[in-house]
Amino acid sequence: MSTLNTSDDNKFVNLKWITRYFRIAEQVSMWSKDPSTKVGAIIVGDKGQIISQGYNGFPRGVNDSEERYHNRELKYKLVVHAEMNAILNALYNGSSVVGATLYVHALPVCQECAKAIIQAGISTVYIDTNISERWKESWQITKTMFSESKVACYYFDMNANTVERQC
Ligand SMILES: [Zn+2]
């Protein structure tokens with residue numbers, strides 16, 4: 001299973017697995033009740049094992065009514081991002097994510113999740129979205145923090161089946 005350790009040298013070997021993990025992340029994203037944005041994230045350990053999953057949603061037990069989701073301002077205050085939820089779900093299980101890889105489907109990683117990713121010890125991040133104008137600034141900050149903290153980040157283009165290092 002050593003081929004799961006990603007480097008530029010063996011990325012083509014990994015493409016099959018990257019695709020598989022993104023398919024799961026995509027499936028997890030569908031569990032989100034958010035009508036406008038559905039993000040899915042999974043954390044994978046160095047043996048290829050899935051440690052945890054997360055999607056964007058309100059904290060456990062917090063009333064996640066349709067009405068609240070349609071109140072944008074309130075929604076942003078209550079929602080936990082998919083990446084953060086994946087980290088917190090690992091914590092809930094008592095699982096370490098040190099050295100793990102995070103796969104994020106549907107949106108780039110925001111600066112707040114980037115901080116948590118770094119502090120949790122995740123070492124590699126894959127995203128599968130192009131960076132739109134709206135996310136440019138936040139993604140730039142994320143990339144800067146990742147680069148300085150030695151978190152490798154990659155863009156996976158599922159249609160082209162290519163991986164491109166971002167930081
Ligand atoms: Zn975030």
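Reader: What covers the buried residues of α5?
Author: In this predicted model, the cover of the buried residues of α5 includes α4, β3, β4 and α6. To be in contact, two residues must have C-beta atoms that lie within 7 Å of each other.

Reader: What makes a residue of α5 buried, and which residues are these?
Author: The criterion is that 20 or more other C-beta atoms lie within 10 Å of the residue's own, and in α5 the residues classed as buried are Cys113, Ala114, Ile117 and Ala120. Viewed along the helix axis, these buried residues fall within an arc of 135°, so they line one face of α5.

Reader: How do you know on which side of α6 its buried residues lie?
Author: The buried residues of α6 are Trp139, Thr142, Lys143 and Phe146. Because they cover an arc of only 100° around the axis, they are on the same side of α6. An α-helix has 3.6 residues a turn, so residues three or four places apart point the same way. The buried residues of α6 pack against α5, β4 and β5, whereas the face turned away from that buried side carries the exposed residues Glu137 and Glu148.

Reader: How do you know what length to expect for α6?
Author: The expected span is 1.5 Å times one less than the number of residues; for the 14 residues of α6 the expected value is 20 Å, and the helix reaches 20 Å from its first C-alpha to its last, which is close to that expectation. Just after α6, Lys150 takes a positive phi of about 65°, and just after α5, Gly121 takes a positive phi of about 95°.

Reader: What makes β3 and β4 a pair, and in which sense do they run?
Author: Two strands pair if DSSP finds at least two bridges between them; β3 and β4 are joined by 4 bridges and run parallel, with Thr124 in β4 as the bridge partner of Thr101. The chain passes from β3 through α5 to β4, and this β-α-β crossover is right-handed.

Reader: How many bridges link β4 to β5, and in which sense do they pair?
Author: They pair in the parallel sense over 4 bridges, with Thr124 standing opposite Ala152 of β5.

Reader: In which sense do β5 and β6 pair?
Author: β5 and β6 (residues 162-165) pair in the antiparallel sense over 4 bridges, and Thr162 in β6 is the bridge partner of Asp157. Their hairpin has 4 residues between the strands, and Asn161 takes a positive phi near 60° there.

Reader: How do you know whether the faces of β4 are covered or open?
Author: On one side Thr124 and Tyr126 are buried, and on the other Val125 and Ile127 are buried, so with the cut-off of 20 or more C-beta atoms within 10 Å both faces of β4 are covered.

Reader: Why is a set of residues called a nonpolar core, and how many residues has the largest?
Author: The name applies to buried residues of nonpolar kinds joined through C-beta atoms within 7 Å, and the largest such set has 36 residues, with Leu102, Tyr103, Val104 and Val125 having the most contacts inside it. Elements supplying at least two residues of this core include α1 (11-29), β1 (40-44), β3 (101-105) and β5 (152-157). Beyond four places away in sequence, Tyr103 touches Tyr21, Phe22, Ala25, Ala41, Ile42, Val44 and Tyr126.

Terms used
Residues numbered from 1 in each chain as written. Predicted model: local features only at pLDDT ≥ 70, side-chain atom pairs only at ≥ 80, totals over all residues. Buried ≥ 20, exposed ≤ 12 C-beta atoms within 10 Å, placed from the backbone. Right-handed = clockwise from strand over helix to strand, strands pointing away. Arc of directions from axis to C-beta.
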